[in-house]
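Student: I'd like to learn how to read strands, sheets and disulfides in a model. Can we go through them together?

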Amino acid sequence: MRTVLSSRKAAPALALLALWVASLACAGGGGETPAPVQTDAPVVTQASVGPSSRGAISSVDDVKSATIQIVAEGTLVMPGGTVPNANWSGSGFIIDPSGIAVTNNHVVTGAARMKVLVGGEDEPRNARVLGVAECSDLAVIDIDGDGFPFMAWREGSADVGLDVYAAGFPLGDPEYTLTRGIVSKARADGDRAWTSVDYVLEHDANIQPGNSGGPLVDGDGKVVGVNYSGGFAALSSQFYAIAQAEAIPVIEQLREGKDVYSLGLNGEAFVDAESGFSGIWVTSVTSGSVMDKAGVQPGDIISSLEGISLGRGGTMGEYCDVLKSHDPEDTLAIEVIRFASGEVLSGQLNGRELAIASTFGSGSGGTSDDGSTGAYGSYVAWTDSYEAIQIEVPEAWGEVTGDPWVDGGDVIGAQLIAAPNIQDYLNSWGTPGVTFSVSDDLARLGGYVQLLDIYRETYLKSCEFDARYEYEDSAFRGKYDVFEKCGGSGGPSELVLAAVPKSSSADYLILVEVTVVSDADLEALDRILASFDVVGSLP
């Protein structure tokens, strides 16, 4: 199976790209330290930080020993299609020698399993989730083992100007990092696409994707906050952490096995810039949760809850306001849009299950008048003329060529091209199709990043670049670029994946280009990513 590895949850946005909200983007950092300025931030005392901190680490130099890396795996449904066995990573920190640790909800939610590396250990440990808080972006886990180094919370307020350090394992790297900065704002806005925290600390200790859930500490190694978000722009030098006064009351409930303001939803809010339509895209649903029992499915869009339209500001603000205004067992009206079947469904949480209220279009999985589905019915496996590479494509993409990959008259590798009409696919943006190419010659000249950069800058100038993502499966690793509006407004989307084999005994570059014109092509994309392989000797 092919999986996507990324720092927050995996997001291959190909269709409904306008629905996707960008995940955490972090950059920049540093700055001089001004004199402390007193604020009205809540004061945390030992009485409010739970058990005694006796035995906790007492130096920033020892923070690494109680900082953890979390690697999670689960199946996610993104706007671009299903991503089976997706992998992502985050950070966290131990608060009790028995192995109780704190991280972000968005690090562990949606995970079918997770492994934890403690203090840079080489061997991962198992861990289980004790409790989550969707509207505080906090989670508490229990790590196998005992006698761990642990951290204590800082007593007193986190004033503007306080020296702070961000610890964690960014970008999925097992190498521990520690960056330095100051608290620049004590009560910043905490609303985000994936959560809604009442207020957060703003600081400039640089964090990157993968730092999520890690500790923000003072010079004595005491926890000031829980890092959860980067800046809003690529050049931003401001980052955000959930303040200890906000986090502690929630964490005390989570460690007792209680979920706080949580219904089993893993999703993100969005607003379509053109139509103004908003909602919450459901990436996954916790089995047995309130959402699951109501019939909410991954890939749904929750448009309203208790009559309140959701996601209007591109955040979970409205969703969390409704949750905070009711008890967990209250019955709440919910409306869901299911594009896969072209249905609008209504029902209740803790009440009546979702049922069809109306329909629209045929949906990508709907049934037409002749009884056929909107998706491709069958697939065919093809190999190139050298029997070196293989891929599965829709049977409807009836034109296939396996001629070698040629550059300037020279054969540089193997290639497969498939489409309903290859000439239309190659010469216009109105036809779906795939080009799968593999070359060992190019591998001697550069890596997959350079190959992606060349395609982006040279061959796809008529497309709007959306984002670049990490890619990894059992055999290959690399990155992929997502483009939209190819050929102009309303044009199709394009995915370009460049990868290399994980095996040290093989050395070649893989390039997969897929054009997505309709919802049915998303299913084809999933099949292509699950089937491309190198099965023989390259020319």
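Student: Which residue in strand 14 does Val226 stand opposite?

Tutor: Start with the general idea: strands of a sheet pair through backbone hydrogen bonds, either parallel or antiparallel. Here, Val226 stands opposite Ile242 in strand 14. Strands are DSSP runs of E, at least two residues long, and helices are runs of H or I, at least four, all numbered from the N terminus. This is a predicted model, where local features need pLDDT of at least 70, side-chain atom pairs count only at pLDDT 80 or more, and totals for chains, interfaces and linings use all residues. Residues are numbered from 1 along each chain as its sequence is written, and side-chain values use heavy atoms, with hydrogens and water left out.

Student: How many bridges join strand 13 to strand 14?

Tutor: Four, and the two strands run antiparallel. Two strands count as paired if DSSP finds at least two bridges between them. Strand 13 is also joined to strand 12 (residues 215–217), antiparallel again, by three bridges. There, Leu216 is opposite Gly225. Five residues sit between strands 12 and 13 in their hairpin, and Gly221 takes a positive phi near 75 degrees.

Student: What is the order of strands in the open sheet of three?

Tutor: The order is 22-23-32, with antiparallel pairing. Strand 22 (379–383) and strand 32 (533–534) are at the edges with a single partner strand each, so one side of each has no neighbour in the sheet. Strand 23 (residues 389–394) pairs with strand 32 over two bridges, and Gln390 has Asp533 as its bridge partner.

Student: How many disulfides does the structure hold?

Tutor: Two. A disulfide is a pair of cysteine sulfur atoms within 2.5 Å. Cys135 and Cys320 form one, with sulfur atoms 2.1 Å apart. Cys135 lies in the loop between strand 7 (125–133) and strand 8 (138–143) and Cys320 in helix 4 (residues 317–324), so the pair ties together parts 185 residues apart in sequence.

Student: Which handedness do the links have?

Tutor: The torsion about the S-S bond of Cys135 and Cys320 is about -90 degrees, so that disulfide is left-handed. The link of Cys463 and Cys486 has 115 degrees about its S-S bond and is right-handed.
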